[in-house]
Number of protein chains: 2
Amino acid sequence: MHDQTETLCVLGLDLGGTNIKAAVVTEPGTVLEQLQIETPAGREVSEVVDELVGISVRLMRSHRNITAVGLGAPGLVDEHRRIVRLSPNFPTWSNVPIARMLEEKIHLPVALDNDANCFGLAEYLWGAGKGFRFMLALTVGTGIGGAVILDGRIYRGNSGAAAELGHVSVDLWGPKCRCGNRGCVERYLGEQWFTQAAREQLFELTTSEEDDSISTPAQVSALAADGDERAKKFIAGRGEILGAACTSLIHAFDPEAIIIGGGIAQAGEPFFSGIRRAIRVRAYPVLAARVKIIPAQLGTIAGAMGAAAIGFESAGVYPPGGNRP
Amino acid sequence: MHDQTETLCVLGLDLGGTNIKAAVVTEPGTVLEQLQIETPAGREVSEVVDELVGISVRLMRSHRNITAVGLGAPGLVDEHRRIVRLSPNFPTWSNVPIARMLEEKIHLPVALDNDANCFGLAEYLWGAGKGFRFMLALTVGTGIGGAVILDGRIYRGNSGAAAELGHVSVDLWGPKCRCGNRGCVERYLGEQWFTQAAREQLFELTTSEEDDSISTPAQVSALAADGDERAKKFIAGRGEILGAACTSLIHAFDPEAIIIGGGIAQAGEPFFSGIRRAIRVRAYPVLAARVKIIPAQLGTIAGAMGAAAIGFESAGVYPPGGNRP
């Protein structure tokens, strides 16, 4: 037994293409325990469900006051938030009723949402978004996920598919995105494309051997941290592209803050300076002066914490934590 | 006396750069009387207020059951909706407390909002948006104004400046917009730029004399209506640019419908086909299949009707008409 108190808590599950993260979270946002396992390589529904059930049962044994489960999944969730319609990370999945499948095995209510909504809700309640009522959240990793909080609530749109902010286009004539659109901001900042552009733009800087060594955004960030001016400039330039997308979002949503997380956000100062510069130059001055661009605070556990928050929300305890409407 | 009944009604005033339109509107959306006067050429605050008071007093005399006034103004309104912060159509205006100025002279409560919000609210309540709960509205004229209706309410954002949808950029490297940003969708479809692009792209089609004759979007539409293939193609191409912007908005807001009005929308079929084609090609298929792209229905009186609707809203009678949440 990890917790001796009778505090109610929710198990948050963050299903990713690489890992499954789990966190047992209390209503004020304390993480009592967290675990991580690898996502089954085959990524088939039944294998993934088995792993989710396994990790849930393990944590439910040591935390008997878990009253609900929240699940964050990548991809498009249906409007009732019971079904994963499709997921770029799980290409064989099509309309998988994952909430029901889990409920039948673990005998607790399961609330499902898009993983980026989970990330955004966690940052809103317990992280960098605390105290704001109108905020956007972007998580920049393999792709770009988005969340929209309006007047203190997650905004899900008409069919549950809102806030696909990575697929806001910054160039209608730009390169084709895997979603079918052109010039999506994800197409410039998603890991693969960030790294590819870094290789192209930093090429002259390195021998071709060294060039081959750039295979992750973290390596570009490391170069910048070592004082490499071209790497800094490249990262700032990617920040400016994200800032251009943020400008369109500011004009549409008029938010108080945009919270930005994910691996590439860890590039830190040159990245955030680029974002802020683009907004300062591009957005309506009265809006640019108000909106705050803030790094996410909760790190890689935000998704699992947010999944737990979705569980609290579905149980009618919403929003948990201090950031009440 | 035009109306003998005791129905309560609101006077809606639509302040434009060229005309001031006024409409006396009942709660179910019947227009009892409408008037139009020219906006004073100097566009100074005191002149404009005098004209607004004049037209109001005139209509209040013949409609004694007017209980409130709504005013739609172009430009940015403050978060309390009492002040016009700035307006591209009235360059000398800076933080003009126009709601109070009118109230002091006409002794009725005055509700202020952005003119595009008025347009969107009127179409939502009484026009093409009837029956939808999540919709966007775009009015394509001198510029592009936007309105966002979420869950049956106008969405105004954190500081009252949301829904500046004309300043969603489709090309971050595109031509500079008067707002300071680059590649705003307004920069391709606003009257001046639409006409300029038409002259450039249709140049080969006409003698230079004939070419000079294209000075309004309506002339391009007339060419298309006469079966001119290049004019049709040009209009469809402009529709596709707007459709690209709509795609980003669909990914962000997941609306049921986008209502499109204003002068250029009267180009009709080639324009709407272009918009729909771009969305079909670009947007997430599940979203593209659902969202409806619909021409506005109320014509040029929508702004004044919507201003009246804002008056009803402020008086607590909201939403007036049949489209209740």
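A: A residue counts as buried if 20 or more other C-beta atoms lie within 10 Å of its own, as exposed if 12 or fewer do, and as partly exposed in between, with C-beta atoms placed from the backbone. This is a predicted model, in which local features need pLDDT of at least 70 and side-chain atom pairs count only at pLDDT 80 or more, while totals for chains, interfaces and linings use all residues. Residues are numbered from 1 along each chain as its sequence is written, and chains are lettered from A and ligands numbered from 1 in the order in which they are written.

Twelve of the twelve residues of α3(A) are buried, so that the helix is mostly covered; among them are Asp115(A), Asn117(A), Phe119(A), Glu123(A) and Trp126(A).

In chain B, five strands form an open sheet of mixed pairing in the order β10-β9-β8-β11-β12, two strands being paired if DSSP finds at least two bridges between them. The edge strands, each pairing on one side only, are β10 (153-154) and β12 (292-295) of chain B. Strands β8 (residues 135-140) and β9 (residues 144-150) of chain B run antiparallel over six bridges, and Thr139(B) stands opposite Gly145(B) in β9(B). Helix α3 (residues 115-126) of chain B packs on this sheet and touches β8, β9, β10 and β11 (257-261) of chain B, residues being in contact if their C-beta atoms, placed from the backbone, lie within 7 Å. The direction of α3(B) makes about 50° with that of β9(B), where axes are lines fitted to C-alpha atoms, for helices over the stretch in contact, and angles run from 0 to 180 degrees between N-to-C directions.

As for the two chains, a rotation of 180° with 0.0 Å of shift along its axis superposes chain B on chain A (RMSD 0.0 Å), by least squares on the C-alpha atoms of residues with pLDDT of at least 70 in both. The copies are therefore related as by a two-fold rotation axis. The contact takes 37 residues from chain B and 37 residues from chain A, and α8(B) gives the largest share of chain B's side, eight residues.

Notes. Contact = placed C-beta atoms within 7 Å. Helix = DSSP H or I, 4+ residues; strand = E, 2+ residues; numbered from the N terminus.
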